[in-house]
Amino acid sequence: MNVKMFTFNAFQENTYVLSDGSNTCVILDPGCSTSEERKALTDYIEGESLTPVRLINTHCHIDHILGNDYVSNKWKLPLEAHAGEAVVLDYSKKAAQMYGIAYDDSPPIAKYIEEGDKIQWGETTLETYFTPGHSPASLSFFHRDSKQLIAGDVLFQNSIGRTDLPGGNYDQLIKNIKEKLFPLGDDVVVYSGHGLSTTIGHEKANNPFLNQ
């Protein structure tokens with residue numbers, strides 16, 4: 001599985017395009033909010049001759065959904081996320097107003113993803129883990145064959161997702177990281193919703209929030 005990362009919008013959010021040898025791809029957390037950012041995403045997809053087949057949100061905070069409307073309309077894709085994120089998505093217009101940013105309304109969640117679901121497309125299968133704590137119903141996606149994890153805002157290099165937003169829960173987040181993500185293996189590469197990638201092993205050894 002190939003992972004292409006884009007860093008978009010004022011929040012420096014990481015958008016991911018996952019692809020494989022089938023020339024199909026999945027777009028995760030499109031944060032593209034300007035015409036330049038939308039062009040960068042589109043140019044990559046078209047330049048690689050990829051066909052997007054799924055649009056997925058790890059969670060629905062405003063910085064991760066600014067491009068939902070564009071991607072959904074451009075490639076005729078329904079939005080997929082956990083049902084528990086609908087309340088966050090519903091709040092997105094107010095969140096955009098609070099931050100003073102332009103926002104094209106995201107489509108509603110059309111297909112719900114639950115823990116244990118297999119996200120399949122082309123030659124690829126992702127495992128789904130329910131990892132709330134940063135948001136009410138965050139999901140993390142693991143590609144076992146290549147040992148790559150898309151973690152959203154659950155786990156960062158030397159940090160964790162903030163838990164002071166509505167639906168956040170610090171103890172729950174720590175528990176999910178330790179009980180669901182750590183067992184995946186020290187050599188697993190973690191792609192986060194912000195910042196650089198890391199590994200499970202690095203976070204076990206160095207993350208101050210997880211070594212208390």
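# Exercises on a predicted model

Of the 212 residues of the protein chain, 53% count as buried. The model is a predicted one.

**Exercise 1. Describe the overall build of the protein chain.**

Step 1. Start with the secondary structure: the protein chain has seven helices and 14 strands. Step 2. Turn to the radius of gyration, which is 16 Å, close to the 17 Å that the globule rule gives for 212 residues, so the chain is as compact as a globular protein of that length. Step 3. Step 4. Consider the contacts with a separation of 6 or more: 63% of them are made by residues 24 or more positions apart.

**Exercise 2. Find the strand order of the six-stranded open sheet, and state which strands stand at its edges.**

Step 1. The order is E1-E2-E3-E4-E5-E6, and the pairing is mixed. Step 2. Strand E1 (2–8) and strand E6 (109–112) each have a single partner strand, so they stand at the edges and one side of each is left without a neighbour in the sheet. Step 3. On average, and with direction ignored, neighbouring strands are turned by 35° against each other.

**Exercise 3. Compare how E1 pairs with E2 and how E4 pairs with E5.**

Step 1. Seven bridges hold E1 and E2 in the antiparallel sense; Val3 has Leu18 in E2 as its bridge partner. Step 2. Strand E4 (residues 51–56) and strand E5 (residues 79–81) run parallel and are joined by two bridges. Leu55 stands opposite Leu79 in E5.

**Exercise 4. Show how helices H1 and H3 are placed on the sheet and against each other.**

Step 1. Helix H1 (residues 35–47) packs on the sheet and touches E1, strand E2 (13–19), strand E3 (24–28) and E4. The direction of H1 makes about 165° with that of E1. Step 2. Helix H3 (residues 68–75) also packs on the sheet, touching E3, E4 and E5, and its direction makes about 140° with that of E4. Step 3. Two packed helices are described by the angle between their axes and the distance between the axes. For H1 and H3, the angle is about 35° and the axes are 11 Å apart. Their crossing is right-handed. Step 4. At the contact, Arg38, Leu41, Thr42, Ile45 and Glu46 in H1 meet Tyr70, Val71, Lys74 and Trp75 in H3. By class, this contact has five nonpolar, one polar and three charged residues.

**Exercise 5. Decide whether Val71 is buried or exposed, and list what it touches.**

Step 1. Val71 is found in helix H3. Step 2. Its relative accessible area is 0%, and buried means under 20%, so Val71 is buried. Step 3. Leaving out residues up to four places away in sequence, Val71 touches Ile27, Pro30, Leu41, Leu55, Lys76 and Leu77.

**Exercise 6. Locate Gln12 and Lys147, and give the phi and exposure of each.**

Step 1. Gln12 lies in the loop between E1 and E2. It is not a glycine, yet its phi is positive, about 55°. With a relative accessible area of 48%, Gln12 is partly exposed. Step 2. Lys147 lies in the loop between strand E9 (139–143) and strand E10 (148–152). Phi of Lys147 is positive too, near 55°. Lys147 counts as partly exposed, at 37% relative accessibility.

Methods. Residues numbered from 1 in each chain as written. Predicted model: local features only at pLDDT ≥ 70, side-chain atom pairs only at ≥ 80, totals over all residues. Heavy atoms only, no water. Pairing = 2+ DSSP bridges. Helix = DSSP H or I, 4+ residues; strand = E, 2+ residues; numbered from the N terminus. Axes fitted to C-alpha atoms, helices over the stretch in contact; angles between N-to-C directions. Contact = heavy atoms within 4.5 Å. Left-handed = near helix turned anticlockwise from the far one by under 90°. Nonpolar A, V, L, I, M, F, W, Y, C, P; charged D, E, K, R; others polar. Buried < 20%, exposed > 50% of the residue type's maximum accessible area, 1.4 Å probe, protein only. Rg over C-alpha atoms; globule rule 2.2 N^0.38 Å.
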